[in-house]
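Subject: Structure handover

Hello,

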Amino acid sequence: MSENGQSVAAPDSAGGVDKVIDLREIDVYYGRVNALSKVTLEVRQGEIVALIGSNGAGKTTTLRTISGLISPRTGEVRLFGKTTRGMGAAQIARLGVGHAPEGRRLFPRMTVRENLDMGAYSRGDRAGIRTDLESVYTLFPRLRERDSQLAGSLSGGEQQMVAIGRALMSSPKVLLLDEPSLGLAPILVDAIFEVIREINAKGTTILLIEQNALLALKTAVRGYVLETGSVALSGPAEELIASPDIQRAYLGM
Amino acid sequence: MPDRFRSLFRADTGQGQRTRGNTVFWILSSTAAALVLMGWLLPWFVDAYSAGAGFSPQDALISPPTGVGTILIYVLAVTMVILVASPLVEPLARLRGTTFGRRADRIRLIAALVGFALTVVIWFLVSVIQEEPLFGSFGPGTYTDSAVWLTMYGYALAALVYGARPWVVGRQTLAFGIAVLPFGIFLPLMFHQAPDFLDWAAGSLAIYMLLALGLNVVVGFAGLLDLGYAAFFAIGAYACASFASPTHNIHWPLWILIFLGAAIASLFGAVLGAPTLRLRGDYLAIVTLGFGEIIPDLATNNVFNLTGGPNGISGIDQPKFWFLNFSTSPRWYYWSLLLVSLVVIVLLRNIERSRVGRAWVALREDEVAAASTGINTTTTKLLAFAIGASVSGLAGAFYGSIVSIVSPDDFSFSVSIAVLSIIVLGGIGNIAGVILGSFILTFVIFWVLPNMNEWSTTLSQTVHVPGLAGIDFSSYTYIIYGLALILMMLLRPGGLLPSRARQIELESGGESESLAAVQGVA
């Protein structure tokens, strides 16, 4: 706390808003099972940060904790410089956190358009919703074609587009993406990551979970490696790619 | 095979293109045919001699009309035949590969208009001017009015469906509403000699329809299974009973009490909802079931000396002001309930299409995804419970006032089951389906079953089968629920009028393929 706290304190007091996501030593339990222990992680304005790790390392739990679906037992989640203690998922979403959850989790019996509209649920500005819908359709022209098709009947790639598009419809300041490449053909994976970079270039901060560690680290500026519920390694993406441990464990080199 | 069958009943818009959603067209045209026929036959059913304004073929045979009357009667007969045959001829023609164009519709429209006019003329001649000789020897009988009303209504309906077919097919909900509303409004006048019928319509149909509409919010819209829904009904009824009876010597008007009943019930809805928020599916059902048992038990035990114990509260006020005296005729209850039901239907429809409605759909589909799109799952669920309960409380207040006595037995588990059966039968999540379901089930349970004993006794005397007289049909309620639900699940799992979501689920085969599909049976 003391060591870490000091190094963190300086930028925090200077420009606390700069830190979009700030996890401070969070512990998360599912019942009696410890899923995350003392995870400290931060994402700054405008970054793409990758969260990598093997199955069960706690990546999805981390994202869920940030978006308020789970609350940490100890530690603190700070978003945009404010603590989220006592807030529900709905309130956190309203702060500007867009979450494209694991396994896409679309509303399968709603159309593509209705799914996207649900993303804008907590917004009141119709003009803004319209422009955002337009920009989602520009990012994913496929979705415009599939506009009135049921989300459940789409292909995996299209569903992923809807999941990302739905998260974007809340006009988020930070976007949490949980395995956007899961189950997609390689060519689609490249396309999705292209879009992720595009979204980021427009100013949206992104925290990304990815199985494909190399791709994730190539896209991100910084990365965190989770191992059995705690941060094993973190740093600039190129350093992580260069690290022999990472190469052996995650990049298969 | 079923597709081919269904295509027979597909209506044309007149330009030859097929459109979706012709159910309403077929319902309306068949109803028109049935009404025209019924209007003709009603005097014959009732009494061949005393009744009829020359509407019944039977009457015409017994005492044939003369002069102009003959012409009128036979022209009327022709229009009737055309309209009764219409809904049958069209599918048959389609079966043979031919279709009817606009010309056929025009002929039917003319037949309907002529029929309407002739009915009015004959009724006028017989009842008002008493031109009996023209129509044989009969005058205005006791049941003539019902016959005239039904016949006129049938002709008007036929004129609507055949005269404006593209519109009816295109705007089916609106068309259905416009076609049915006058019937609802004039019903007490049409059946003014049948107070039993009005009692049923106000006391059973309207009350259960409100209950079903309310439960549909919880089960259909929000996807939360509630097996103790009768509890809110009881709360509304006891609220009304307490504030409008000699028991506590408070006499508030019903118009305040329906809102009070709704408010208290919705409060209880939220109270029940709060601890059950984390429960889903079966677990939630069990908790609500318990709640549904607790409330009548509390009433039986005369909790806080408020509920009058097992005997309940009696002598509940029936509203009376100015010329409206509710205790003299069920028609005032009927009209108030019609108005209230319409308001409730419109409100629920709007809620369904509002933000909250969309949030319910999202919640039903995927709670986690709903939460991460910014939907407050807690308040959204509580709102469903509260709104559902408030409609039930409203129905309860009316119920208390109509029957004038409430006791714990009125709110047993069977009420919850009846209401649930209505929405399953009609179509979970679809307001139109729920309305249809409440018509059918309340008709069977509160009209057919209670009358069945009498009918079977009469029948046994007529056909000399003594065994028929001894059957007590009122004990078959649960068999009827059971059979109805089993048949429904087998034949139309989404209900008679499935909601969009259910339809999609069934058409796409749900999450996994059924065994029958895998084996190639279906």
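Start with Lys38(A). Lys38(A) counts as partly exposed because it has 14 C-beta neighbours inside 10 Å. The cut-offs: buried is 20 or more other C-beta atoms within 10 Å of a residue's own, exposed is 12 or fewer, and partly exposed is in between, with C-beta atoms placed from the backbone. Lys38(A) sits in strand β2 of chain A. Its phi is near 50°, a positive value in a residue other than glycine. Most residues other than glycine have a negative phi.

Before you go further: this is a predicted model, in which local features need pLDDT of at least 70, side-chain atom pairs count only at pLDDT 80 or more, and totals for chains, interfaces and linings use all residues. Residues are numbered from 1 along each chain as its sequence is written, while chains are lettered from A and ligands numbered from 1 in the order in which they are written.

Arg104(A) also has a positive phi, about 70°, although it is not a glycine. Arg104(A) lies in the loop between β6 (97–100) and α4 of chain A. Buried or exposed, then, is Arg104(A)? Arg104(A) is buried, with 24 other C-beta atoms within 10 Å.

The sheet in chain A

Helices (H or I, at least four residues) and strands (E, at least two) are DSSP runs, numbered from the N terminus. Four strands form an open sheet in the order β2-β1-β4-β5 (chain A), with antiparallel pairing. β2 (33–44) and β5 (82–83) of chain A are at the edges with a single partner strand each, so one side of each has no neighbour in the sheet. Pairing here requires at least two DSSP bridges between two strands.

- β1(A) and β2(A) pair antiparallel over eight bridges. Ile21(A) has Val43(A) as its bridge partner in β2(A). Their hairpin has two residues between the strands, and Gly31(A) in it takes a positive phi near 65°.
- β1 (residues 19–30) and β4 (residues 74–79) of chain A pair antiparallel over five bridges. Leu23(A) has Val77(A) as its bridge partner in β4(A). Asp27(A) stands opposite Thr74(A) in β4(A).

Where the chains meet

The contact takes 24 residues from chain A and 18 residues from chain B. Contact means C-beta atoms, placed from the backbone, within 7 Å. On the side of chain A that touches chain B, α3 (89–96) and α4 (112–119) of chain A each supply at least two residues. The largest share of that side, four residues, comes from α3(A). That side divides into 12 nonpolar, eight polar and four charged residues. Nonpolar covers Ala, Val, Leu, Ile, Met, Phe, Trp, Tyr, Cys and Pro; charged covers Asp, Glu, Lys and Arg; the others, Gly among them, are polar.

Helices in chain B

Helix α16 (residues 377–403) of chain B has 27 residues and, at 1.5 Å a residue, should span 39 Å; its end C-alpha atoms are 39 Å apart, which agrees. The expected span is 1.5 Å times one less than the number of residues. In α16(B), 23 of the 27 residues are buried. Just after α16(B), Ser404(B) takes a positive phi of about 70°.

Helix α14 (residues 355–365) of chain B packs on α16(B) at an angle of about 105°, with the axes 10 Å apart. That makes the two helices, α14(B) and α16(B), roughly perpendicular. Axes are lines fitted to C-alpha atoms, for helices over the stretch in contact, and angles run from 0 to 180 degrees between N-to-C directions. Under 35 degrees is roughly parallel, over 145 roughly antiparallel, 65 to 115 roughly perpendicular, and the rest oblique.

Best wishes

Definitions and conventions
Contact = placed C-beta atoms within 7 Å.
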